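Hi,

Here is the structure I promised to pass on. Have a look at it first, and then read my notes below.

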Amino acid sequence: MANITMKDIARAMNVDLATVSRALNDQYGVSDAVRSAIKNKAEEMGYRPNALARRLATNRGNTIAYMAPDLANLFHVEIAHAVKYYFHPLGYTVLVCDSEWELESEIAYLDYMERHRVDGIILKSASCDFSHIIQNISCPVTMVSTDTSSEFSTIDTDNFYGGFMATEALIRCGYRRIAYLGAKQDPIASEHRGNGYRAALVHYELPYQKSLVGEGDFSMEGGRQFIKSIWKRKNRPDAIFCINDDSAIGVMDYLLGIGIRIPEDFGVIGYDNMTLAALSQIQLSTIAQQGMQMGKGAAELLYKAIRSTGKTEPEHRVIAPTLILRKTTRPIGEYQPTPVEKIKRHK
């Protein structure tokens, strides 16, 4: 069977070749009805686009890149899956990279993407100041970031509200000396969640104690080391909110090893809601970031920019996190978090 070409489709549809090309390449100048009819006819006739010809014609290769900072964290894996689920049916290949929180690796990957002319990039940067890193990128970029002042479209969870909900839940469970463990790799998210933590203490008129706030590295070992370092203090905590689930599990591992009962003697809440947190042996209370929803939203923003014929105004989406209470916090019965609009955002 001979390969079906765009000329064959144009002849069958009684339209010009340029119209078929614009329809199949999702370019402007074709109505939705005509675009749909041409695509249906192409599928009916068994048309398969020539990837090399498309690359030569558009100087792009139908490739999307997602740059994650840490694919050992299942939250970033969820985003990657959502991006692939969105773009694969549209005919795009999705390239997934892991910078491992190393700025040099990120810059090298971005250079590779630019040289290979990817159609668009979704980026969770290893840098707080990412603008200068991608200012010379010629394709559309969507950031997984809380920086709503960015010239690029962004999407992120409401880290402040997630920190508030986690801390409020611990307070409502009866804990009073609550520690917070952030992470040095992601200072923006760490600061926003820490601000939420502090706002909850203020909301419930509990003192903020700087000695109960630390900085880890997203790892179980980081959680172990932090709780070990403060456990022998006179005013030690009776609960902790950790920036991610791995850190929280590290805290649990240390405390259970020295005979502390969880949740009776000590409460623990993590962040991410990774698969491991729901295991029957762990049952970690946590904040779910909605990674799949975030990945889909990032893909929508990027595809909109790719299809645009001119410069688009950046959009900034914030997704509400969800509190999940399991067995590492005391039972509190019916509980609804304080609505976000009633919270004073202390810094």
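By salt bridge I mean a side-chain nitrogen of Lys or Arg within 4 Å of a carboxyl oxygen of Asp or Glu. Both residues sit in helix H6 (residues 103–115), four residues apart, which is about one turn of the helix. Helices (H or I, at least four residues) and strands (E, at least two) are DSSP runs, numbered from the N terminus. Asp-111 is partly exposed, with a relative accessible area of 41%, while Arg-115 is exposed at 52%. The cut-offs here are under 20% relative accessible area for buried, over 50% for exposed, and partly exposed in between (1.4 Å probe, protein chains only).

Before you go further, a word on the basis: this is a predicted model, where local features need pLDDT of at least 70 and side-chain atom pairs count only at pLDDT 80 or more, while totals for chains, interfaces and linings use all residues. Residues are numbered from 1 along each chain as its sequence is written, and side-chain values use heavy atoms, with hydrogens and water left out.

Now the overall picture. The chain has 12 helices and 12 strands, and its C-alpha trace spans about 80 × 40 × 40 Å along the principal axes. Of its 347 residues, 49% count as buried. Among contacts (heavy atoms within 4.5 Å) between residues at least 6 apart in sequence, 71% join residues at least 24 apart.

Back to the salt bridges, of which the structure holds 10. Another one links the side chains of Asp-186 and Lys-124, at 3.0 Å from N to O. Asp-186 lies in the loop between strand S6 (178–183) and helix H9 (187–203), and Lys-124 in the loop between strand S3 (120–123) and helix H7 (131–134), so this pair ties together parts that are 62 residues apart in sequence. Both Asp-186 and Lys-124 are buried.

Then there is Glu-221, whose side chain meets that of Arg-224 in a salt bridge (2.9 Å, N to O). These two are three residues apart in helix H10 (residues 220–231), about one turn of the helix. Each is partly exposed: Glu-221 has a relative accessible area of 39% and Arg-224 has 24%. Salt bridges with shared partners join Glu-221, Arg-224 and Asp-253 into one network.

How does H10 pack with helix H11 (residues 245–257), and at what angle? The angle is about 50°, and the axes are 6 Å apart. Axes are lines fitted to C-alpha atoms, for helices over the stretch in contact, and angles run from 0 to 180 degrees between N-to-C directions. That makes H10 oblique to H11; angles under 35 degrees count as roughly parallel, over 145 as roughly antiparallel, 65 to 115 as roughly perpendicular and the rest as oblique. Residues making the contact include Arg-224, Ile-227 and Trp-231 of H10 and Ile-249, Asp-253 and Tyr-254 of H11.

Lys-296 is partly exposed, at 46% relative accessibility. Leaving aside neighbours within four places in sequence, Lys-296 is in contact with Ala-82 and Tyr-86.

Cheers
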